[in-house]
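Subject: Structure for your review

Dear colleague,

Please find below the structure that I am handing over to you. My findings follow directly after it.

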Amino acid sequence: MIWPLAILLGCQLAGEVCSRALGLPVPGPVIGMVLLLVLMALFRPLPGKVTPTAQVILGNLSLLFVPAGVGIVSQLDKVAQYGFGLLAALLGSTVLALAAGVATFRLVARAMGDRA
Amino acid sequence: MSDFTRLWIYLQQGPLLWLTVTLLAYGIGDFLFLRAKRSPWVNPVLVAVVLISVALVGTGTDYETYFQGAQFVHFLLGPATVALAVPLFANLRHVRSALLPMTAALAVGSLVAMLSAVGIGWLCGVRGEVLVSLLPKSATSPVALGVAETIGGVPALTAAMVILTGIIGAVVVTPLYNAMGVTDWRARGFATGVAAHGIGTARAFQVNDTAGAFAGIGMGLNALLTALLAPIVAHWLF
């Protein structure tokens with residue numbers, strides 16, 4: 001439990017340092033994810049070590065979004081002013097992006113001779 | 001000062017109260033979700049956000065006070081993003097075989113999400129910094145918040161838009177893809193991760209493991225792409 005956590009946090013820390021020091025637009029944790037991926041490919045015992053801890057965290061991923069979501073209470077004035085427009089934009093764009101993404105994936109996969 | 005007031009003031013100063021409330025509210029949401037046989041309509045995040053918001057407004061507590069407690073949960077988003085490398089690594093073989101469809105779906109999904117959100121918002125009369133805040137809403141929260149700040153949006157508003165996008169995605173994705181007749185779990189998962197980030201990914205893991213792994217990849221890649229593209233699109237649009 002201790003080592004896997006230290007590895008996850010260490011990758012995030014390294015990513016954060018990279019992102020800030022080089023002025024990259026990519027956030028630290030995303031660089032940390034790429035770093036962990038490279039480390040797992042290089043050191044074969046690593047995937048077996050971090051997998052159980054990663055599964056516990058990812059199994060409760062939804063919980064981690066709650067504090068940010070509650071941020072809506074500090075924006076109630078803007079929600080009241082633009083509520084309908086925002087809801088329409090979120091609904092429309094999410095359905096469009098889901099449909100466009102899946103259609104593109106299947107179109108290209110089929111063009112490459114995939115029949116799944 | 002009554003004993004109750006004194007106790008209330010004491011509790012408001014530490015993280016204990018609102019951290020406990022966050023876990024309880026999510027626990028209730030998860031319980032209802034399981035009772036509803038994992039129906040996407042009963043989203044645990046949505047239930048928790050509504051319960052906590054009502055509690056905050058009801059007790060006259062501001063978001064900053066709440067966040068002092070909730071930040072411990074919020075902080076875990078960082079290591080959780082890093083942890084996405086694990087399912088990604090386990091599915092590396094599948095990833096290599098679907099590299100081209102993924103690249104195409106990523107580019108199209110990401111751009112459609114950004115442009116249609118701003119387009120529909122503008123048509124419905126949304127203007128100014130609120131409209132800008134919509135642009136990065138399909139990326140995962142740590143990325144979207146950073147992007148919102150860079151391009152002149154309101155990070156707190158973007159945070160709420162990101163969560164709502166995830167919830168909408170998690171609710172509509174299964175009926176939508178069933179109606180479209182898509183049976184390829186790789187495609188379903190990947191497009192879900194691109195359009196609806198971590199909440200969509202969590203939903204994909206509930207439905208199918210392969211879909212979940214591909215959703216994690218889609219979310220990670222869209223985080224990268226949104227971080228790079230949103231400032232350019234914002235510069236071009238606003």
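Over all chains, the count of salt bridges comes to three. Please note that this is a predicted model, and that the values in this message were computed from it.

Across the interface of chain A and chain B, one salt bridge is found. A:Arg106 pairs there with B:Asp184, and the closest N and O atoms are 2.6 Å apart. Both of these residues are buried. B:Asp184 also meets the side chain of B:Arg186 in a salt bridge, at 3.0 Å from N to O. Through shared partners, the salt bridges join A:Arg106, B:Asp184 and B:Arg186 into one network.

B:Arg186 itself is located in helix α12 of chain B. Its relative accessible area is 15%, and B:Arg186 therefore counts as buried, the limit for that class being under 20%. Neighbours within four places in sequence aside, B:Arg186 is in contact with residues of chain A, namely A:Phe105, A:Arg106 and A:Asp114, and with B:Ser97, B:Ala98, B:Thr210 and B:Phe214 of chain B.

The remaining pair is formed by A:Arg20 and A:Glu16, whose closest N and O atoms are 3.9 Å apart. Both residues belong to helix α1 of chain A, where they are four residues apart, about one turn of the helix. A:Arg20 counts as exposed because its relative accessibility is 66%, and exposed requires over 50%. A:Glu16, with a relative accessible area of 26%, is partly exposed. By contrast, A:Arg106 lies in helix α5 (residues 76-111) of chain A and B:Asp184 in the loop between α11 and α12 of chain B, so that pair joins two chains.

I turn next to the interface as a whole. The contact takes 66 residues from chain A and 91 residues from chain B. The size of an interface is often given as the accessible area lost when the parts come together. Chain A and chain B bury about 6,900 Å² between them, and 86% of this area is on carbon and sulfur atoms. On the side of chain A, A:Phe65, A:Leu98 and A:Phe105 supply 11% of the area buried against chain B, more than any other three residues. A:Phe105 is also one of the residues in contact with B:Arg186.

The largest pocket has a volume of about 650 Å³. It is lined by 31 residues, and those closest to its centre are A:Arg20, A:Pro27, B:Pro142, B:Leu145 and B:Gly146. From chain A, α1 (2-21) and α2 (28-42) each supply at least two lining residues, as do α4 (63-75), α5, α10 (141-151), α11 (155-180) and α13 (209-237) of chain B. The most is given by α10(B), with six residues. By type, the lining of the largest pocket divides into 19 nonpolar, 10 polar and two charged residues.

The second largest pocket has a volume of about 530 Å³. Of the 26 residues that line this pocket, A:Gln55, A:Leu58, A:Gly59, B:Phe205 and B:Asp209 lie nearest its centre. At least two lining residues each come from α3 (45-59) of chain A and from α2 (16-35), α6 (85-90), α12 (185-207) and α13 of chain B. The largest share, six residues, is that of α3(A). The lining of the second largest pocket comprises 15 nonpolar, eight polar and three charged residues.

One further residue, B:Gly78, was looked at individually. B:Gly78 is placed in helix α5 (residues 77-83) of chain B, and helix α5 of chain B is among the elements that line the largest pocket. Is B:Gly78 buried or exposed? B:Gly78 counts as buried, because its relative accessibility is 6%. Its contacts, leaving aside neighbours within four places in sequence, are with A:Gln12 and A:Pro29. Within chain B, B:Gly78 and B:Ala187 are 109 residues apart along the chain, and their C-alpha atoms are separated by 26 Å.

Yours sincerely

Methods. Residues numbered from 1 in each chain as written. Chains lettered and ligands numbered in written order. Predicted model: local features only at pLDDT ≥ 70, side-chain atom pairs only at ≥ 80, totals over all residues. Heavy atoms only, no water. Buried < 20%, exposed > 50% of the residue type's maximum accessible area, 1.4 Å probe, protein only. Contact = heavy atoms within 4.5 Å. 1 Å grid on protein atoms, 1.4 Å probe; cavity = no way out; pocket = protein on both sides within 12 Å on 5 of 7 lines; lining within 4 Å. Points joined across faces, edges and corners; volume = space filled by probe spheres on them. Nonpolar A, V, L, I, M, F, W, Y, C, P; charged D, E, K, R; others polar. Buried area = accessible area lost by both parts, 1.4 Å probe. Salt bridge = Lys/Arg side-chain N within 4 Å of Asp/Glu carboxyl O.
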